[in-house]
Structures are given as structure tokens and as C-alpha cells.
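This report describes some of the packing in a protein model. The sequence and structure come first, and the notes follow.

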Amino acid sequence: MTVLGLSNRRELEVRRYPILIYALVPLTALVLQAWLPRLLHGYGWFDLPLVVTVYFALGRRNPVQGTLMGAGMGLFEDALTHHAIGVNGIAKTVAGFLAASVGVRIDVENHTIRLTLNFLLSLVCSGIYLFINRILLGLDLEWSWVTELLKAVGNSVIAAVLFPLLDRAQIRD
Amino acid sequence: MDSFFTRYRNLLVLLVLLAAQIIGLAVQVRRTDSGRSSYDIADGPGVRLIRLWANALVTPAERLIHDAKLGVGNLWTGYLDLRHVHDQNQDLQKTIDRLRLEQASMLEDAKQGQRLQALLGFQEKYIYKTVVAQAIGTSGSNQSRVFYLDKGKDAGLEPDMAVITADGIVGKVREVFPHSAQVLAINDQSSGAGVILETTRIRGILRGNAAGQPQVVGVMADPRIKPGEKVLTAGGDQIFPRGLPVGVVEKVVRDPDRDSFIDVIVKPAAYLDRLDEVLVITSTEPRFSAEQDQDVATSEALKGAEAAAIKEQQKASQIMAERLPGLTDPNAPAAGAQATGKPGEPGTASAVATPVAAPPTPKLLPAQHVDRYSPGLAPATVPASDAKPQPRQQNAAPAGQAKQAPAKTAPKPGDPAKPRRTQ
């Protein structure tokens, strides 16, 4: 893992994408997240909005943008459930912020690093989700860490395919 | 000051967003009387608006994908893959006919039940009207087992309507949008349906667990509960009509929180993970719908026609039995003889043609071989010609010829009747 010094941060490339990519990719991720579990008959162990949030946060290397994107995606996901709006929002806000903050300090061109980050941030998101439900809200929520682990693995697998595809869409000078 | 905001801009944005969402959560969750927290059953106007926007954005895309999938599927099944359709159609038609007859008898029972319930002042509600809807999407979260239907307020859907399939119950409508609706599945942790175990008659509340399996909770430990027992709706929750299939008991586990209680894990009758078409019960009434009444009438008509056909068939058989000489026992006493009190008098050939009011007596065919096994029947009574192996043509001789042969072996008046082998 290459850790960059402070002087090198500004020299890092900030990725830019066409406006359509910014609009369509998150929306497609949200739609597919809502539709694919039907097709997979309950084996939907993935979180496409989180994968997309992590990708753009790492690529843009801007914590504010990462935080806002995470919040937007999380709130949207919450709106599709029957739970209170904000649980996923908080979890993905933190994930977006962490991904963008790490992206400033670490060379995220390395594919392995990105996949590892994706895996870890998935587990962080699950932990925050559990913390909010059980501790902050005091709700009775049955939990299965095995499912969350499978979800983290699923996210990494999807990221392994999706990240190189999205890399091709970036605008190069 | 300016430099403070600039320096900590990232962190401040994060904190503001987190604070706003935490306040939002605090508004949506409330304490119950038992001291536990729960989500508000009905969303506030602000929350509902956010859900409406999200739904308006996602549902059209989901509908488009679903329609495209259905279109391709229909193209294949409706136009290309039509093998065995004719046979299937015939099988289905037979099934419909059979079910109609069953339905007619069952609905008669149900009508009688209604009359009795009316006498007792209790009225059971029946499924009166349903709306067919397609499941087009989910929440996308394992923690929230809800799915979306392609019908909404425009189709007459309302919150708390029961959603079922032909196999069993599925869930209840939670939120209704103009053109779609959100359904809370029975395997969600926050769902609740009153159920009863068919054999043991133990009642409980059905809700989901973390693994997405429906389970009956709050049941006292009972060794009679065995895997395979059917679980039905109890009808006390004012959502699901009584007696709908829920599933079967899969296993019984100890309640982790209470010692003397158990959780009954249920294998759902409906395929909750692969739902496609569902029925939303939009109306329940203590009477049958016009469609059901029409079905009963059709079934009754079919039943009448079938009964007439059976009667006609029986009549034709009787006529055939009377007219075909081979089917009438030439040794049977004539009807006139019976009427005049002369039992045992052998009948004549002319008596065969005479219509008899009494049911035809089964004819004992002449023995083809010597009966050496019946006690008291000496082989000498059988003519020598009969003891010889008969040519095959004689067996296949016309009935008129065959009729005369048994005259040799016909019992004489006064002889006790002996059982004969009819090989």
C-alpha cells in the first residue's frame, strides 16, 4: 500500500466523468439494487449503491462530495424500505467520507487496494447500521454477521468487475 | 473564522449531515407503552413525501425492466415454445371440470355454514373481490422484506389489504402510491399475522427472523407440535381471512429470551423469494361474489348434466342387458314364474325377451373345465364332451349358440345350487 506524503496530495489525479455518468450510474445502481434481488431469489448479497459511492469517493478524492453522495444514496435506499429514513443514510455518509479521505492519502490506482477498501467499508457500513438500530434507536433487530460478510464479499466481486468498466468512462486530458 | 470553516470544511459537512439525519430518525421512532422502541406505523407527511419521490424515480424503471422481461417471456411461451400446449389444455380443462364439481359441493357446505353462522349471530367474511398485481421490485435490503406492486391507488388498493397467491399468504399492503404499492412480506421482522396450527389448534403470531424465515412466536412449549403440521391464518388480525394456508412447520426452536416459550419456524406455502403475480384482497364480505355465484351455477349445471349423462348411461346399459341374450341368464327363473310363486322353474328362451321389472340376475357362464374342487360336485355330473378340451372357436361362438350348451349342465329343479367357476 503506497502512502503518499502531504506534498503529493495535490498532484494526485482527480478523476472526472461525463455528467451522464454521474447521473446514470447511481440511478442504475439504485434501480438494480431494488430489482435484482427478485431475480436472485433472496440471494442478493450485495450493495450496489455502496459500491458506486466508494468508487466515486475514491476517484474524486473529495470528502465533501463523497459525504454528500453517500448521504444521497443511503437516504434513497432508506426511502425504498419500510424502515426509518436515515439509517442507511448515516452509514453511507460515513462510508463516503472515509473512502474520499482515504483516497486523498492512498494510491487508489491499485486495484487490490480498491477491492480491499470496498470489503472493509462494507463491513463498516454494516456495523454502523447495527449500531444505529440497536444502540441509537433501541430497536429489536435480529442480526446475522454471516450475511453481512457475504454481502461484503459480493460487493468486492462486483467492484472487481465494475471499477475497470467505470475507469474507462473517465475523461482523460 | 473563515479559515476555521475552510480548514474543517469536510468534517463540518459530515457532522451537519449526520446531525440532520439523527434528528430525522428521532422524529420517526417512538417509544411504546412497554418501553420498547418501534417505527411509526404511519409515516409522517415529510417522510411519506421522500418515499413518494424515491418510488416515482425507481418504479418506472423497474416497470420497464419487468415489462421487457415479461414481453420476452411471453414471446417465447406464447408463440415459439408451444409444444404440448394442446395436451396441457385438455388436462387443464379436465381439472377445471373436476374443480367445478368439487367447488359446487363445497360452496353448498359454505352456504349452509353461512346460514348457521347467521343464526348464531356470527358472520365469517369471504374473499369477495381481488385485484391481480405483479411484483416489480424490492426494497433492496435484507433487513427490510418489502416488495413493490405495479398497482396502486388507481386500482383500488388501500393500506392493510391482504396479499396472497394461490399457494398461500404473502403479506399486507403497507404503503399505497398512485400507481404502485409497497407490500410488507410475512417474513419481515416487523410483520405480524395471526395464525393457527391446524392439528393442535395452537394460536400465535407470525413474523420473520433475521434469516428471512417466517416463525410463529410467543408459543408455549408443546411436544405435540411436529414438523409438517399445517399453519393457517386465524382470522383475528382483521387483515387475512380465516383458513388461508400459511405454510407448514419446519422445525421448533427454543425462544432465546424466554425459557418456557418456543419459536415455530414455518416453511411458507407461497414462494416469497420468487413472487411474480399476486392477488390483493380488496374486499371481504359475508357473502359470495357474483363471480362465485356464477361459478356455483355453472358447476351445478355441469353437475346436473353429468348426473343426467350417468343416468342415461345406466339406462342404456340396462336396455342392452335386457336385449342381449348373452347377458341374461337362461337358467334364471322367469319373472312370471317368480310372480306366480313357482321358484326354481327353469326359464325358456321366450322368457328372455320378456322385459323384466326386477334387476337382471348375473348370469353364471357355463363351466369350460371340469370342476374338481367344489365340494359335493362329482365330476361325473359333467358331460364327457365338456371334459374334453374344447376348440377355441367354441369359446368365441356367438351368444346364441353358446346359450344352448349350458342347458346340459343346468341344474335340475330341486338340485341344490352349487357355486360354479366362471373361467
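In which hand, left or right, does H6(A) pass H7(A)? The crossing of H6(A) with H7(A) is right-handed. The model is a predicted one.

## Helices H6 and H7 of chain A

Helix H6 of chain A spans residues 111-136, and helix H7 of chain A spans residues 145-168. Their axes are 9 Å apart, at an angle of about 145°. On the H6(A) side, the residues in contact include Leu115(A), Phe119(A) and Leu123(A). On the H7(A) side, they include Ala152(A), Ala159(A) and Phe163(A). Sorted by class, the contact has 7 nonpolar, 6 polar and 3 charged residues.

## Contact between chains A and B

Chain A gives 37 residues to the contact, and chain B gives 41. Three helices of chain A, H2 (19-39), H4 (63-80) and H5 (87-105), each supply at least two residues of the side that touches chain B. H4(A) has the largest share of that side, with 8 residues. By class, the side of chain A that touches chain B has 20 nonpolar, 13 polar and 4 charged residues.

## Nonpolar cores

The largest nonpolar core has 48 residues, and Val54(A), Ala95(A) and Ala99(A) touch the most other members. Helices of both chains supply residues of this core, among them H3 (48-60) of chain A and H3 (45-80) of chain B. The largest share, 10 residues, comes from H5(A).

Beyond its neighbours within four places in sequence, Val54(A) is in contact with Ala95(A), Ala99(A), Leu117(A), Asn118(A) and Leu121(A). Another core, of 44 residues, lies apart from the largest one and includes Ala133(B), Val264(B), Leu272(B) and Val280(B).

Conventions. Residues numbered from 1 in each chain as written. Chains lettered and ligands numbered in written order. Predicted model: local features only at pLDDT ≥ 70, side-chain atom pairs only at ≥ 80, totals over all residues. Axes fitted to C-alpha atoms, helices over the stretch in contact; angles between N-to-C directions. Helix = DSSP H or I, 4+ residues; strand = E, 2+ residues; numbered from the N terminus. Left-handed = near helix turned anticlockwise from the far one by under 90°. Contact = placed C-beta atoms within 7 Å. Nonpolar A, V, L, I, M, F, W, Y, C, P; charged D, E, K, R; others polar. Core = buried A, V, L, I, M, F, W, Y, C linked by C-beta atoms within 7 Å. Buried ≥ 20, exposed ≤ 12 C-beta atoms within 10 Å, placed from the backbone.
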